[in-house]
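Reader: I would like a close look at one part of this model, with the terms spelled out. Please keep to what can be read from the coordinates.

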Amino acid sequence: MRENAVKRLWQEDKPALGGWLSIANTFSAEVMAAQDLDWLCIDMQHGVIGYDTAVPMLQTISATGITPIVRVPWCEPAMIMKMLDAGAYGIIVPLVNDRAQAEAAAAACRYPPRGIRSHGPTRAAYYAGFDYLAHANDEVLCIPQIETVEALENLDDILSVPGIDAAYIGPMDLTISMGITPEQDGEAEEYVQARKRIVESCRKYGVVPGVHSNPGVAAKRLKEGFRLIRITGDHSAMARAVREDIRAVREPQG
């Protein structure tokens with residue numbers, strides 16, 4: 001089976017830097033996949049991407065060495081299994097708030113006896129290799145999102161679930177839940193302490209800490225101990241470049 005390059009980085013305590021795909025288009029996915037990223041996440045929760053578009057986007061990513069990850073819309077086993085069968089090497093599961101939800105996510109990502117995943121890796125076998133069944137449980141990533149006060153209260157219960165590989169902070173939802181003005185890379189003291197607690201708890205349970213961030217502060221997140229970091233995204237990068245192009249023409253320097 002094709003190795004999960006992100007897992008190999010973690011085994012060497014190296015960070016995995018990723019990009020976010022929200023645009024339902026294979027060419028924009030191809031452009032992002034041509035960059036020097038470690039992973040790309042197809043966002044089926046808040047992005048404008050459905051299954052019939054996500055599959056060809058996975059095929060586009062598979063032409064590179066980048067690890068393909070999918071954020072599913074919800075902790076729903078059928079969708080988790082379907083995206084793994086389509087070739088995702090990791091699943092980000094939003095709004096995991098307690099142990100039962102973490103157990104459901106982990107079980108959907110693993111074949112028996114470690115989980116409940118049904119066998120049928122229709123596309124995954126072609127992408128990953130026809131020895132997929134023998135190795136998938138060790139290569140596929142289960143990544144619950146920690147993004148509510150309830151999840152923070154149940155952090156030990158969530159992270160101690162067998163089969164959880166990483167925990168990914170959703171900064172906007174977490175800060176909203178904490179009653180803080182939402183800001184992706186905010187430095188409100190409560191959010192700073194929440195980040196610190198999540199990193200420490202991840203280390204305690206052998207789970208990789210991850211966070212949704214931006215290039216301007218990603219280096220700081222690395223120093224804080226995060227090893228799964230989103231640093232750019234398709235629509236945000238495009239909008240930023242267009243703004244800079246417009247500003248260069250409308251506000252020329254003398």
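**From a buried asparagine to an enclosed strand**

Author: N137 lies in helix α7, which covers residues 132-139. The model is predicted, so local features need pLDDT of at least 70 and side-chain atom pairs 80 or more, while totals for chains, interfaces and linings use all residues. Residues are numbered from 1 along each chain as its sequence is written, and side-chain values use heavy atoms, leaving out hydrogens and water. Helices (H or I, at least four residues) and strands (E, at least two) are DSSP runs, numbered from the N terminus.

N137 counts as buried because its relative accessibility is 12%; buried means under 20% relative accessible area, exposed over 50%, and partly exposed in between, with a 1.4 Å probe and protein chains only. Apart from neighbours within four places in sequence, N137 is in contact (heavy atoms within 4.5 Å) with C109, R110, Y111 and R114.

Next comes strand β5, residues 141-146. Of its 6 residues, 6 are buried, so the strand is largely enclosed by the rest of the structure. One side carries L141, I143 and Q145, the other C142, P144 and I146, and both faces are covered.

Two strands pair if DSSP finds at least two bridges between them. β5 pairs in the parallel sense with β4 (residues 90-93) over 4 bridges, and I92 stands opposite I143. β5 also runs parallel to β6 (residues 166-169), joined by 2 bridges; there, Q145 has Y168 as its bridge partner.
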